Protein chains: 2
Amino acid sequence: MNVSEQLSEKQCREMERQYGVLSYGVNTIIPNMELKEKIAKSIQTGMPLKVKLGLDPTAPDVHIGHTVVLNKLKQFQQFGHTIQLIIGDFTGKIGDPTGKASARKALTDEEVRHNAKTYFEQFGKVLDMNAVELHYNSKWLSKIDFAEVLKLAGSVTVARMLERNDFHNRYEANKPIYLHEFFYPVMQGYDSYILGSDIELGGTDQEFNVLFGRQIQEQFGHEKQVVLLLPLIEGLDGVEKMSKSKNNYIGIDENPNDIFGKTMSIPDSLIIKYFELASNLSIEEVAEIKENLQKEELHPRDAKLRLAFSFVEMLYDRNTALQSKEHFLTVFQKKKMPADIPEVVWTKSKSIAIVELVKELNLLPSKSEVRKMIQNGGIRINQNKISDPHMVITIEEGMILQVGKRKFVKLTTG
Amino acid sequence: MNVSEQLSEKQCREMERQYGVLSYGVNTIIPNMELKEKIAKSIQTGMPLKVKLGLDPTAPDVHIGHTVVLNKLKQFQQFGHTIQLIIGDFTGKIGDPTGKASARKALTDEEVRHNAKTYFEQFGKVLDMNAVELHYNSKWLSKIDFAEVLKLAGSVTVARMLERNDFHNRYEANKPIYLHEFFYPVMQGYDSYILGSDIELGGTDQEFNVLFGRQIQEQFGHEKQVVLLLPLIEGLDGVEKMSKSKNNYIGIDENPNDIFGKTMSIPDSLIIKYFELASNLSIEEVAEIKENLQKEELHPRDAKLRLAFSFVEMLYDRNTALQSKEHFLTVFQKKKMPADIPEVVWTKSKSIAIVELVKELNLLPSKSEVRKMIQNGGIRINQNKISDPHMVITIEEGMILQVGKRKFVKLTTG
């Protein structure tokens with residue numbers, strides 16, 4: 001008999017309550033019914049569930065796309081379950097052994113700790129880090145010997161590995177797949193076995209790797225984890241998956257005004273998805289916003305103001321969120337300049353090409369970017385649009401230079 | 001400049017002499033020119049070459065097919081080079097981790113040592129075992145950790161592995177290949193790196209595995225071994241590769257009369273091949289036999305007598321070879337019975353079915369085999385052919401029972 005059938009009526013309601021919250025917004029639960037069983041067992045025994053999230057030690061830049069999984073972890077925390085964060089430092093510390101010219105350099109212990117600390121600080125904006133376990137998988141993976149590796153490998157077929165999308169595509173395209181790459185999912189699965197994880201979270205692109213934990217746990221005769229795959233959210237462009245490399249992201253430790261402004265720039269089509277997945281509003285609040293948008297009782301711009309506010313409140317606090325909103329409304333909506341423009345003391349030549357000036361102040365990464373911005377009408381001096389990319393200007397005390405919508409600099413001649 | 005170009009004229013002649021002998025009868029040398037370089041370097045430095053042969057610890061039954069490689073090793077020995085025999089006990093001791101019902105049981109240390117001893121004894125019939133190094137690869141393979149395994153795996157592509165014939169065929173046929181199987185060639189290659197082997201010998205069916213040593217040695221920045229692939233010889237049937245499982249073999253520790261008789265039974269088409277590959281006759285002697293056969297100055301039967309004699313002489317001694325030849329000529333050619341028929345004291349019922357009698361004396365493995373032999377006219381009592389498989393005979397003092405061509409028993413009633 002299943003544990004869920006042995007619960008009292010009260011326990012059963014608690015199970016359904018947790019299941020309702022924890023399954024909300026999840027793309028896929030594998031297998032769905034086992035999640036209820038895990039929750040039921042936890043309620044019956046009073047033992048919290050162990051909820052695992054694996055992290056790449058090389059890329060600690062956390063953006064609002066990650067809050068999808070962080071908010072889900074937070075829900076688990078709020079029900080008293082235990083979060084297991086795994087820093088995958090084992091492979092990070094041995095580097096990429098692939099016989100390529102661009103072999104990845106091994107991270108030092110110090111770099112790994114530093115990156116873990118960065119995760120910890122940034123995750124702390126959403127999670128209660130006092131109730132989080134932090135693990136480094138080199139602790140156990142570095143101790144496995146060849147015989148143990150062969151045993152692990154003995155449960156895995158090559159065909160199964162080549163089913164994984166990226167492996168399959170590379171194989172078909174005659175691009176090399178190195179044998180050690182087959183071990184990444186195996187190691188990830190081994191982590192779940194060692195930590196006795198009940199649940200593992202991942203993005204939908206992690207399905208193959210995360211499911212491996214079930215196989216390895218079973219191989220060792222352990223209870224299999226349940227896998228929760230969370231949707232990936234598109235970035236500010238509304239097209240590509242949010243990522244740092246695409247430069248379509250909202251960083252979790254960006255300054256509040258940037259978070260606010262970037263959120264206001266998303267396409268209307270993403271509003272509900274961001275509310276549902278990345279914000280920490282309750283299911284009921286999101287449902288209400290959705291309904292009001294559909295009835296056209298809520299303007300998309302006002303919905304975005306609410307969303308941007310909620311992001312800053314989640315990552316900073318209510319007061320900061322209020323200030324960011326005020327800043328945004330001042331600069332963008334009233335087309336006025338903000339009150340807190342940073343001042344720069346200009347000591348170089350007072351006669352300078354506009355392209356040089358903007359580049360010199362590091363407001364744009366290259367001169368060609370400056371010229372493009374001028375063509376788009378994005379550069380102003382004292383609110384006057386610059387239209388000639390060859391223009392030479394004379395620096396005057398208190399001159400205000402505006403680049404794009406959000407960058408302002410006041411020049412003083414010292 | 002190549003070492004071979006730096007040799008004195010005398011050294012150069014010695015290099016050519018060794019190369020001539022060592023390359024004789026070899027199917028493939030990879031790469032051919034490097035073998036000369038290895039020999040040249042050995043002559044110049046006075047350092048013997050390290051010549052490796054890997055052995056499966058589970059199957060110590062050595063047959064005359066193995067003398068192809070043993071004779072080649074002996075030639076290396078005769079030039080003063082060092083033989084490295086590797087017992088592949090590492091995988092043998094961990095067993096087959098494959099998740100199959102028929103998982104291979106791990107060998108104990110004792111079994112491994114026993115099998116190694118059997119190899120040693122049987123190889124001793126051809127090689128000078130005092131000048132042979134014996135290695136167990138568990139010594140180093142058991143100490144490799146996961147990080148080292150990943151480094152090894154990082155130089156190997158999945159596509160390369162799937163080029164191996166049996167892997168390729170299984171993959172195409174959707175039969176499982178387990179990931180650990182990919183490590184067998186890798187481990188074999190690692191052995192060559194650890195032992196600094198200059199040469200590795202193997203059958204033509206071992207090409208893929210043996211070549212791996214070059215890759216692993218190169219990965220560690222070591223000089224690559226040269227691979228000598230030796231032809232596989234067909235068994236007594238002239239069709240299938242000689243092997244114990246096909247029962248078409250001449251065992252290296254069979255009794256001299258059986259070795260002699262079995263050799264006489266090979267098809268004429270194999271005579272030269274056996275001389276060239278399995279016997280220890282010199283290149284010149286074999287060439288002469290070949291010429292005489294072609295000119296029909298030598299009868300194939302006489303060539304076989306010479307071959308059979310050489311096998312027994314190689315595996316026992318000249319005297320035993322003379323006796324075996326005498327035995328064979330007596331029994332088979334003069335159709336008379338041999339002088340040394342073993343006697344068995346018969347104490348059971350004197351009236352017995354012929355089928356029971358032959359089975360009882362363990363002359364054939366089963367009653368159905370006895371019946372088949374009777375149908376083929378292969379059973380005689382006092383030289384009279386038995387034709388009725390149901391015949392009941394009466395045992396008489398001194399009665400001679402003949403089963404097949406070579407088995408004779410004299411019954412005494414005690």
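Predicted model: local features only at pLDDT ≥ 70, side-chain atom pairs only at ≥ 80, totals over all residues.

Visitor: How many helices and strands does chain A hold?

Guide: Helices (H or I, at least four residues) and strands (E, at least two) are DSSP runs, numbered from the N terminus. Chain A has 18 helices and 13 strands. Its C-alpha atoms fill a box of roughly 80 × 55 × 40 Å along the principal axes.

Visitor: What share of the residues in chain A is buried?

Guide: A residue is buried under 20% relative accessible area, exposed over 50% and partly exposed in between, with a 1.4 Å probe and protein chains only. Of the 414 residues in chain A, 51% are buried. Contacts, meaning heavy atoms within 4.5 Å, can be sorted by sequence separation: among those in chain A with a separation of 6 or more, 68% come from residues 24 or more positions apart.

Visitor: Which domains are assigned to chain A?

Guide: Such bounds come from an automatic or database domain assignment. For chain A it gives domain 1 (3–230), domain 2 (256–333) and domain 3 (343–412). The C-alpha centres of domain 1 and domain 2 of chain A lie 31 Å apart, and their contact takes eight residues from domain 1 and eleven residues from domain 2.

Visitor: How is the area between domain 1 and domain 2 of chain A read?

Guide: Buried area is the accessible area (1.4 Å probe) that two parts lose on being put together, summed over both. These two domains of chain A bury about 950 Å² between them, 66% of it on carbon and sulfur atoms. On the domain 1 side, Tyr24(A), Ile64(A) and Lys125(A) lose the most area, together 58% of what that side buries.

Visitor: How many residues does each chain bring to the contact between chain A and chain B?

Guide: Chain A and chain B each contribute 31 residues. The buried area is about 2900 Å², of which carbon and sulfur atoms give 81%. Phe146(A), Leu150(A) and Leu179(A) supply 26% of the area that chain A buries there, more than any other three residues.

Visitor: In what sense do β2 and β3 of chain A run?

Guide: Strand β2 (residues 50–55) and strand β3 (residues 82–87) of chain A run parallel, joined by six bridges; Lys50(A) has Thr82(A) as its bridge partner. Two bridges also join β2(A) to the parallel strand β5 (residues 199–203) of chain A, where Lys52(A) is partnered by Glu200(A).

Visitor: How many aromatic pairs does the structure hold?

Guide: Rings of Phe, Tyr and Trp (its six-membered ring) pair if their centres lie within 6.5 Å; planes under 30 degrees apart count as stacked, over 60 as edge-to-face and the rest as tilted. There are 22 such pairs over all chains. The rings of Tyr193(B) and Phe220(B) have centres 4.0 Å apart and planes at 10°, so they are stacked. Ring pairs also link Phe90(A), Phe146(A), Phe183(A), Phe90(B), Phe146(B) and Phe183(B) into a cluster.

Visitor: Is Ser243(A) buried or exposed?

Guide: Ser243(A) is buried, with a relative accessible area of 17%. Its place is in the loop between β6 (226–230) and α12 (256–264) of chain A. Leaving aside neighbours within four places in sequence, Ser243(A) is in contact with His63(A), Asn248(A) and Tyr249(A).

Note on methods:
Residues numbered from 1 in each chain as written. Chains lettered and ligands numbered in written order. Heavy atoms only, no water. Pairing = 2+ DSSP bridges.
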